[in-house]
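Please keep the viewer open as you read.

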Amino acid sequence: MSLKITNGNEIIELKKEHCLQLEGEINKFGYLDNWPSIGDHLYYFVCPNMSHPKSSDTLKVDEKYFLKLKDIIQKKKLF
């Protein structure tokens, strides 16, 4: 199962096994902007629990986040 990351125009399909790696990279940004909620979506897509049900299989983000995520995915070869 893959997580679809979209800006509304483009879609990146991220394999489930790469979600936690990407979430770890996002955690380096700290609590800036919307990064914590994006990281949470990635984490709970893979590791849901009683307090946090499984995230949906689509993560819609603004263009600036999409471009940064795409850059990280390409640099870390998460495909």
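## A loop asparagine

The side chain of Asn 7 has a polar atom 2.7 Å from the backbone nitrogen of Glu 10. Asn 7 itself sits in the loop that runs between strand 1 (2-6) and strand 2 (11-15); strands here are DSSP runs of E with at least two residues, and helices are runs of H or I with at least four, both numbered from the N terminus. This is a predicted model, in which local features need pLDDT of at least 70 and side-chain atom pairs count only at pLDDT 80 or more, while totals for chains, interfaces and linings use all residues. Residues are numbered from 1 along each chain as its sequence is written, and side-chain values use heavy atoms, leaving out hydrogens and water.

The side chain of Asn 7 also makes a polar contact of 2.6 Å with that of Glu 63 (a pair of N or O atoms within 3.5 Å; within protein, one must be able to donate a hydrogen and the other to accept it, and residues adjacent in sequence count only if both atoms are side-chain atoms). Because its relative accessibility is 11%, Asn 7 counts as buried (under 20% relative accessible area, with exposed over 50% and partly exposed in between, using a 1.4 Å probe and protein chains only).

## One face of helix 1

Which residues of helix 1 are buried? They are His 18, Cys 19, Leu 22, Glu 23, Glu 25 and Ile 26. Seen down the axis of helix 1, these buried residues fall within an arc of 160°, so they line one face of the helix (the arc is taken from the directions from the helix axis to the C-beta atoms). Their packing partners are strand 1, strand 2, helix 2 (35-46) and helix 3 (63-75).

## Aromatic rings

There are three aromatic pairs in the structure (rings of Phe, Tyr and Trp, the last by its six-membered ring, with centres within 6.5 Å; planes under 30 degrees apart are stacked, over 60 edge-to-face and the rest tilted). Trp 35 and Tyr 65 have ring centres 4.9 Å apart and planes at 80°, so this pair is edge-to-face. Trp 35 belongs to helix 2 and Tyr 65 to helix 3, so the pair ties together parts 30 residues apart in sequence. Both Trp 35 and Tyr 65 are buried, and together with Phe 29 they form one aromatic cluster.

Tyr 43 and Tyr 44 make another edge-to-face pair, at 5.1 Å centre to centre and 85° between the planes. Tyr 43 is partly exposed at 32% relative accessible area, whereas Tyr 44 is buried at 15%.

Definitions and conventions: Contact means heavy atoms within 4.5 Å.
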